[in-house]
Amino acid sequence: MQTDSISLARPDMQPVPNSRSTGLDLRPMKPRSTFVLSCLFFGFAFLYIPILTMIAWSFNDSRLMSVWTGFSFRWYAALWENEQVIDALLLSLRIAFVSATFATVLGTLAALAMTRMGRFRGRTAFSGMLAAPLVMPEVITGLSLLMLFVSLQVLIGWPAGRGADTIAIAHITFGMAYVAVVVQSRLAAMDRSLEEAAMDLGGRPMAVTLDITLPLIAPAMLSGWLLAFTLSLDDLVIASFVSGPESSTLPMVIYSKVKLGITPDINALAAIIVGIVGTGVAIAGWLMVRTARRQAPARR
Amino acid sequence: MQRGADPVSAARGEALWRRAVVGIPYFWLLVFFAIPFVIILRISFADPIIGAPPFTPLYDAEEGIYATGDNYRFLAEDDLYWVSYLKSIRIALVSTLLCLLLGYPMAYGIARARSTTRNLLLLLVILPFWTSFLLRVYAWMGMLSNQGVINKALMGLGLTDGPVQFLYTDFAVYLGIVYSYLPFMILPLYATLEGLDENLMDAAADLGGRPRQVFFDITVPMSAPGILAGSLLVFIPSLGEFVIPSLLGGLETLMIGKTLFDEFFVNRDWPLASAVATVLVLILILPIVLFQRYSATAERLNRQ
């Protein structure tokens with residue numbers, strides 16, 4: 001079973017199973033080398049200094065990111081008045097909500113297919129198609145989906161144009177792969193005795209899945225949904241390929257601004273996003289650690 | 001659920017349920033993931049034309065089947081593409097190695113930390129993923145620019161007289177890739193290192209192995225699955241990376257993801273872009289298959 005806090009990680013980064021249980025660790029702390037400690041220090045400084053610097057500059061009164069002229073919220077105000085940014089944000093949120101929801105349904109079905117349906121024809125191809133979107137470079141996914149949409153339009157007249165719908169379809173496709181990994185690892189690690197008991201009592205597979213399995217994997221589905229939502233909100237490359245002329249998502253607007261150089265209102269936007277996400281992840285992490293700690297004595 | 005329902009229709013319902021659970025996601029992936037590859041392969045053999053869609057049809061009632069190898073011939077002859085592919089491979093390889101060199105000791109340190117510290121450190125590794133990738137790359141634009149923090153520090157310390165050009169160079173691209181993909185390296189490494197049986201290391205030390213020897217003879221070989229997983233997770237996506245070379249790289253930073261993007265959006269040559277993508281997929285097939293076999297093994301082990 002994985003350490004609880006790691007379940008917040010993107011699932012593709014935790015494919016290595018390990019047998020060690022979670023909870024309190026009673027191992028004595030090993031003396032560690034200064035080398036390891038300095039790598040940890042340097043590594044975390046490397047990961048965090050750029051983000052923190054960017055947040056700090058977002059409160060600078062000056063347009064330049066070189067001189068500090070005073071503390072100000074003016075870039076936050078400028079952001080609020082920027083209709084292009086607000087429209088793009090609303091479009092991105094809408095697409096992310098729809099695609100995360102569909103991705104959760106499809107990804108959960110895919111995870112059930114992989115873990116609860118035994119062997120079926122084409123299982124190897126299925127697991128391949130489910131894992132590939134996790135690593136496939138975005139330019140390839142984007143280009144190939146656009147070619148599909150264009151070809152479909154010529155053949156059957158659908159989709160009639162490109163916009164929010166086609167972006168959502170693209171996001172559902174990679175989102176479901178991520179949801180599938182999260183839900184699949186939960187299904188694989190889960191104690192099956194409840195499901196087996198329900199089967200023994202005469203429950204049909206479909207009823208058992210809906211009444212027993214689904215409530216048990218609901219937390220994994222939720223974290224899958226959040227992951228798909230975040231990834232959709234963040235995608236620039238695939239959306240650039242499959243969007244139409246009138247649908248610019250937030251990353252597309254940010255990219256076109258940033259491509260011209262650094263702009264302080266984007267610093268403010270980044271600070272807001274980091275603030276929201278940081279708070280959310282910190283709360284989730286704290287809740288998980290607390291649950292793990294409470295459950296730890298009971299498990300032993 | 002109707003539990004006392006007529007058994008025949010219930011059995012039919014179950015068969016339908018089973019078919020839906022497998023069939024719906026299967027159909028979706030087939031249509032929106034697999035078939036698109038067949039389509040780019042087919043378009044890569046077409047000629048660009050002015051029209052909608054801007055490429056020649058594969059089959060025409062009058063002319064029959066039409067396919068041309070011109071795009072691939074052009075790819076082979078024009079240095080731009082060779083240089084882009086080779087440079088991408090080099091940048092991806094070096095960045096993967098750098099991630100491994102920095103990520104391994106970090107993962108090791110996290111795995112050996114006390115439980116509370118460990119959870120906190122893991123959270124700190126994971127946190128950047130939930131914030132925008134684009135904005136994290138953008139953060140480096142501010143850091144590296146001529147008036148940025150780094151140049152100011154260097155000049156303040158008197159190490160350089162004028163600003164050093166960091167932004168828009170290959171150096172910035174390496175930095176950006178290592179920065180963005182480092183957590184992808186740390187987490188699988190952490191997962192294997194955390195699962196290692198420490199008694200083995202203790203036994204090796206008791207038998208007279210020196211710390212360095214124990215580390216290289218026992219710990220490193222035993223963490224090979226994590227090294228492989230982490231390396232593939234960094235190498236494959238960074239090979240086709242677009243955002244980092246586009247924002248941090250200079251004109252000479254020809255990475256294939258950027259070349260493909262520009263080919264498509266600037267030159268509007270869809271068949272050529274398809275050919276570029278097809279070759280990129282061919283390069284990536286081996287690492288992707290490795291990754292999939294790895295995931296399949298992990299999944300099997302997970303079930304036991």
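Predicted model: local features only at pLDDT ≥ 70, side-chain atom pairs only at ≥ 80, totals over all residues.

Visitor: With which residue does B:Asp70 meet in a salt bridge?

Guide: The partner is B:Arg73, and the N to O distance between the two side chains is 2.9 Å. B:Arg73 is likewise partly exposed, with a relative accessible area of 47%.

Visitor: How many residues apart are B:Asp70 and B:Arg73, and in which helix are they?

Guide: They are three residues apart in helix H2 (residues 70–77) of chain B, so about one helical turn separates them.

Visitor: Which residue meets B:Arg118 in a salt bridge, and where do the two lie?

Guide: B:Arg118 meets B:Glu194, with an N to O distance of 3.9 Å, which is within the 4 Å cut-off for a salt bridge. B:Arg118 belongs to helix H4 (residues 115–130) of chain B and B:Glu194 to helix H7 of chain B, so this pair ties together parts that lie 76 residues apart in sequence.

Visitor: Are B:Arg118 and B:Glu194 buried or exposed?

Guide: Both B:Arg118 and B:Glu194 are buried. In chain A, a salt bridge joins A:Lys257 to A:Asp265, where the closest N and O atoms are 3.2 Å apart, and A:Asp265 counts as buried at 9% relative accessibility.

Visitor: How many residues does the contact take from each chain, and what area is buried?

Guide: The contact takes 117 residues from chain A and 112 residues from chain B. About 10,800 Å² is buried between the two chains, and carbon and sulfur atoms give 76% of that area. Of the area that chain B buries against chain A, 8% is supplied by B:Trp17, B:Trp130 and B:Tyr138, which is more than any other three residues supply.

Visitor: Which helix gives the most to the side of chain B that touches chain A?

Guide: That is helix H1 (residues 7–43) of chain B, which gives 22 residues.

Visitor: Turning to chain A as a whole, how many helices and strands are there?

Guide: Chain A has eleven helices and zero strands. Of its 300 residues, 55% count as buried, and its accessible surface comes to about 13,600 Å², with 67% belonging to carbon and sulfur atoms. Where contacts in chain A join residues at least 6 apart in sequence, 67% of them join residues at least 24 apart.

Visitor: What does A:Leu216 touch, leaving aside residues up to four places away in sequence?

Guide: A:Leu216, found in helix H8 (residues 205–234) of chain A, touches A:Arg186, A:Met190 and A:Leu194. A:Leu216 is partly exposed, with a relative accessible area of 29%. A:Phe149 is 67 residues from A:Leu216 along the chain, and their C-alpha atoms are separated by 37 Å.

Visitor: Let us finish with the backbone. Which residues does a cis peptide bond join?

Guide: The cis peptide bond joins A:Trp158 and A:Pro159, with omega about -5°, and A:Pro159 lies in the loop between helix H5 (138–156) and helix H6 (164–189) of chain A.

Visitor: Where is B:Tyr168 placed, and what is the phi of this residue?

Guide: B:Tyr168 is in the loop between helix H6 (149–156) and helix H7 (170–195) of chain B, and its phi is positive, about 65°, although B:Tyr168 is not a glycine. B:Arg268, also not a glycine, has a positive phi of about 60°, and its place is in the loop between helix H12 (256–265) and helix H13 (270–303) of chain B. B:Tyr168 is partly exposed at a relative accessible area of 37%, and B:Arg268 is partly exposed at 46%.

Note on methods:
Residues numbered from 1 in each chain as written. Chains lettered and ligands numbered in written order. Heavy atoms only, no water. Helix = DSSP H or I, 4+ residues; strand = E, 2+ residues; numbered from the N terminus. Buried < 20%, exposed > 50% of the residue type's maximum accessible area, 1.4 Å probe, protein only. Contact = heavy atoms within 4.5 Å. Areas by Shrake-Rupley, 256 points an atom, 1.4 Å probe, with all protein chains shown as cover. Buried area = accessible area lost by both parts, 1.4 Å probe.
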